[in-house]
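Q: Please take one part of this structure and go through it closely, for someone who has not seen it before. Then place that part within the rest of the chain.

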Amino acid sequence: RQLKALAFDEDRGRLLSYDSQATVLVSVGPDRIRLAPSALPYCPRHVFVNRVAGTYVVVVDHTSEVLVLDEDLDVVERCLVNFGNFGFAIDSGGRLFALVASASGFTVSVCSVDVGTGHATVVLKPSQIHQNATWRFAIDSHDRFVVLYYSGLIATYTAQGQCLSAFECGATPACMAVSSDGIFALLMPNLGSRSTMKFLSCDGRLLRRDPSVDLFGFVAWTDDHLLVEDSDGRVLCVR
């Protein structure tokens, strides 16, 4: 069954995935898969591992509900985030952040999100980041905010709003992942079912290009390996 979202827990050595019925599956090895205690109301949009608290943070699709799951995948905390968002990310301290649109929808801010209340606090104002149409959002290993814009622009910002780098990556990627040493992995859709995978340096230099791959999305960077999901729902390791 094709999986809908994935996260890799390095500390426990297990992979979390969800099927089309929003049922949680846990894999501890190639042949050890079990169902979680409960299913989610909808398929998740994002899954994060909070390594500080030892929990999993899930953003549920359709409802913009944020759930916190414990080690046994039971829900221990939940809230609704009642704002339009363009992406979530979690930092090294386990804090949740989001790209949040204004009421008019014309400007975007970077906000921290209180998982207990769903309240968003502005960290970077609209004037501190580019205001092109946003597409993806990430936080690198140095807790810098990385914003991928629909135009293909990738910009990295400090928490104080300083833009450290900004470069064009070409066509709009379907997904993006950032390694601990600042390498960007991008999946660019082609015509048909196959995609182009690019690896770029932190200043936008092309390091590697695979023009025809059968990949569905990225899972996680772990050390110098990239975990990816193919169109059959298999998880592959790319060096």
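A: A salt bridge joins the side chains of arginine 51 and aspartate 11, at 2.7 Å from N to O; the term stands for a side-chain nitrogen of Lys or Arg within 4 Å of a carboxyl oxygen of Asp or Glu. The two residues are 40 apart and belong to distant parts of the chain, with arginine 51 in the loop between S5 and S6 and aspartate 11 in the loop between S1 and S2. The model is a predicted one, in which local features need pLDDT of at least 70, side-chain atom pairs count only at pLDDT 80 or more, and totals for chains, interfaces and linings use all residues. Residues are numbered from 1 along each chain as its sequence is written, and side-chain values use heavy atoms, with hydrogens and water left out.

Arginine 51 also meets glutamate 10 in a salt bridge, at 3.6 Å from N to O. This pair again links distant parts of the chain, 41 residues apart: glutamate 10 lies in the loop between strand S1 (6-9) and strand S2 (14-18), and arginine 51 in the loop between S5 and S6. Glutamate 10 counts as partly exposed because its relative accessibility is 35%, where buried means under 20% relative accessible area, exposed over 50%, and partly exposed in between (1.4 Å probe, protein chains only).

Strands here are DSSP runs of E with at least two residues, numbered from the N terminus, and two of them pair if DSSP finds at least two bridges between them. Four strands make an open, antiparallel sheet in the order S5-S6-S7-S8. Strand S5 (44-50) and strand S8 (75-80) are at its edges with a single partner strand each, so one side of each has no neighbour in the sheet. From one strand to the next the twist averages 15°, with axes fitted to C-alpha atoms and angles from 0 to 180 degrees between N-to-C directions. Inside the sheet, strand S6 (residues 55-60) is joined to strand S7 (residues 65-69) by 5 bridges, and the two run antiparallel. Tyrosine 56 has leucine 69 in S7 as its bridge partner.

The loop between S7 and S8 contains leucine 73. Its phi is near 65°, which is positive in a residue other than glycine. Leucine 73 counts as buried because its relative accessibility is 1%. Glu71 belongs to a network of salt bridges with Asp9 and Arg12. The total count is 9 salt bridges.

Aspartate 143 sits in the loop between strand S13 (134-139) and strand S14 (145-149), and is partly exposed, with a relative accessible area of 24%.

As for confidence, pLDDT is the predictor's score for each residue, from 0 to 100. The chain has a mean pLDDT of 83, and 88% of its residues reach 70 or more. Strand S4 (residues 32-39) has the lowest confidence in the chain, at a mean of 60, while strand S15 (residues 153-157) has the highest, at 94. Where pLDDT is low, the predicted coordinates should not be read in detail.
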